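Hi,

Here is the structure I promised to pass on. Have a look at it first, and my notes on the pocket and the helix packing follow below.

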Amino acid sequence: ILVVSLLTIFFTNRANNSKQKDIIGFYQAINYISEGKNEEALSILNNIYTSSKNSEIKTLSGIKVANILLEEKKYDEAVKIYLEIYNLDNNNEFLINQTMIK
């Protein structure tokens with residue numbers, strides 16, 4: 001029982017650290033965007049978008065990636081990301097809440 005408890009605590013803590021790291025990276029990228037450093041922001045956001053297990057931060061990162069791609073007139077790549085975001089599992093409720101669509 002002790003081993004199972006310790007493993008549960010370990011993996012829960014690891015998942016929380018990963019989420020926290022993604023959130024910190026997301027806000028660092030937002031800071032880069034505000035400074036006009038889109039390439040630095042895009043690098044961080046792409047990493048979060050492709051690797052995050054948290055659907056909310058993955059969605060927000062993907063939206064920011066697509067927005068940067070639109071600014072760079074990379075329309076096909078942006079649309080691809082938007083469609084991927086739309087099709088993420090368990091994402092409909094989050095998108096509805098973010099866009100206030102009901």
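**What turned up**

The largest pocket comes out at about 190 Å³. Pocket here means, on a 1 Å grid over the protein atoms alone, an open set of points where a 1.4 Å probe fits, with protein on both sides within 12 Å along at least five of seven lines; lining residues have an atom within 4 Å of a point. Points are joined across faces, edges and corners, and the volume is the space filled by probe spheres set on them.

Before you go further: this is a predicted model, with local features needing pLDDT of at least 70 and side-chain atom pairs pLDDT 80 or more, while totals for chains, interfaces and linings use all residues. Numbering starts from 1 along each chain as its sequence is written, and side-chain values use heavy atoms, leaving out hydrogens and water.

Back to the pocket: its lining includes Ser 18, Asp 22, Ile 44 and Lys 53. Helix 1 (2–34) and helix 2 (38–51) each supply at least two of the lining residues; helices are DSSP runs (H or I, at least four residues) numbered from the N terminus. By class, the lining has two nonpolar, five polar and three charged residues (nonpolar: Ala, Val, Leu, Ile, Met, Phe, Trp, Tyr, Cys and Pro; charged: Asp, Glu, Lys and Arg; polar: the others, Gly among them).

On to packing. Helix 2 and helix 3 pack at about 145°, axes 8 Å apart (axes are lines fitted to C-alpha atoms over the stretch in contact, and angles run from 0 to 180 degrees between N-to-C directions). Their contact (heavy atoms within 4.5 Å) has eight nonpolar, five polar and three charged residues.

Helix 3 (residues 55–71) and helix 4 (residues 75–86) pack at about 165°, again with axes 8 Å apart. That makes helix 3 roughly antiparallel to helix 4 (angles over 145 degrees count as such). Among the residues in contact are Ile 63 and Leu 70 of helix 3 and Tyr 75 and Ile 81 of helix 4.

Cheers

Conventions:
Parallel < 35°, antiparallel > 145°, perpendicular 65-115°, else oblique.
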